[in-house]
Amino acid sequence: MPKSNLTTNTGHRFISKAKTAYKIHIHTPEDTVLHRSVGFIKIGEKKGLQKAIKLRNELGSEMWGKFWRKLLKDPYLMTRLPHSVEPKIIYKPRPTKDNPDAKDKCYIAAWRNYDENGKLIYKSVVCSINKHGRLGAYTKTKKALLEANKDNLEILEFMGRLSSIDLK
């Protein structure tokens, strides 16, 4: 499994305890991290933690809207989301007797899945531009990426990693 931000020294997502304060660190939809802290020296650790949880939930709801609960519940969601749902161009070696250095220009769609034991599985679809044409190869690989990420399309669109035009 990928590294999770689920495990903190407080047992609460996005909240960790330092010497004098609880540190809140929430991933933002813009792919940065929002930092806040709640001191507990004067009010005590228990009240400080309650205040930190309340602040985390307010900030999280404000930033993530309806996706906040999903983000809190799924410790691996942020590590699973792709930064882009665009196929990339690669040059795949296709040696022939005449030209042993020949390369074929292709679109590739690559993503990761996890099996029931949490083992990482890499998946990809490669499509030759020479064989299918630029649009055909792009369309085939784009559809594969959208299908692989179908459960997260709404949150990816919210984060700006996918435009609604891509979904048509």
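**Figure 1. Accessible surface and overall build of the predicted protein chain.** The accessible surface of the protein chain comes to about 10,900 Å², and 54% of it belongs to carbon and sulfur atoms; areas come from the Shrake-Rupley method with a 1.4 Å probe, and for residues only the protein chains shown count as cover. This is a predicted model, in which local features need pLDDT of at least 70 and side-chain atom pairs count only at pLDDT 80 or more, while totals for chains, interfaces and linings use all residues. Residues are numbered from 1 along each chain as its sequence is written, and side-chain values use heavy atoms, with hydrogens and water left out. The secondary structure of the protein chain consists of six helices and six strands (DSSP runs numbered from the N terminus: helices are H or I of at least four residues, strands are E of at least two). Their order along the sequence is β-β-β-α-α-α-β-β-β-α-α-α. The protein chain has a radius of gyration of 22 Å, well over the 15 Å that the globule rule gives for 168 residues, so it is more spread out than a compact globule. That radius is taken over C-alpha atoms, and the globule rule is 2.2 Å times the number of residues to the power 0.38. The C-alpha trace spans about 80 × 30 × 25 Å along its principal axes.

Figure 2. Of the 168 residues, 38% are buried (buried means under 20% relative accessible area, exposed over 50%, partly exposed in between, with a 1.4 Å probe and protein chains only). Among contacts (heavy atoms within 4.5 Å) between residues at least 6 apart in sequence, 44% join residues at least 24 apart. There are 34 positive and 17 negative side chains, and the centres of the two sets lie 5 Å apart. Lys and Arg count as positive and Asp and Glu as negative, with His and the chain ends not counted; each charge is placed at NZ of Lys, CZ of Arg, CG of Asp or CD of Glu.

Figure 3. Strand 4 (residues 88-93) runs antiparallel to strand 5 and is joined to it by six bridges; two strands pair if DSSP finds at least two bridges between them. Lys92 stands opposite Asp104 in strand 5. Strand 5 (residues 103-114) in turn pairs with strand 6 (residues 120-128) in the antiparallel sense over nine bridges. Strands 5 and 6 form a hairpin with five residues between them, and Gly118 in the turn has a positive phi of about 85 degrees.

Figure 4. Most residues other than glycine have a negative phi. Phe14 has a positive phi, near 65 degrees, and sits in the segment before strand 1 (15-17). Phe14 is buried, with a relative accessible area of 0%. Asp31 also has a positive phi, near 70 degrees, in the loop between strand 2 (21-27) and strand 3 (33-39). Asp31 is partly exposed, at a relative accessible area of 40%.

Figure 5. Lys54 lies in helix 1 (residues 45-64) and is exposed, with a relative accessible area of 55%. Lys54 and Ile155 are 101 residues apart in sequence and 23 Å apart in space, C-alpha to C-alpha. Lys143 lies in helix 5 (residues 134-148) and is exposed, with a relative accessible area of 58%. Lys143 and Ala109 are 34 residues apart in sequence and 8.9 Å apart in space, C-alpha to C-alpha.
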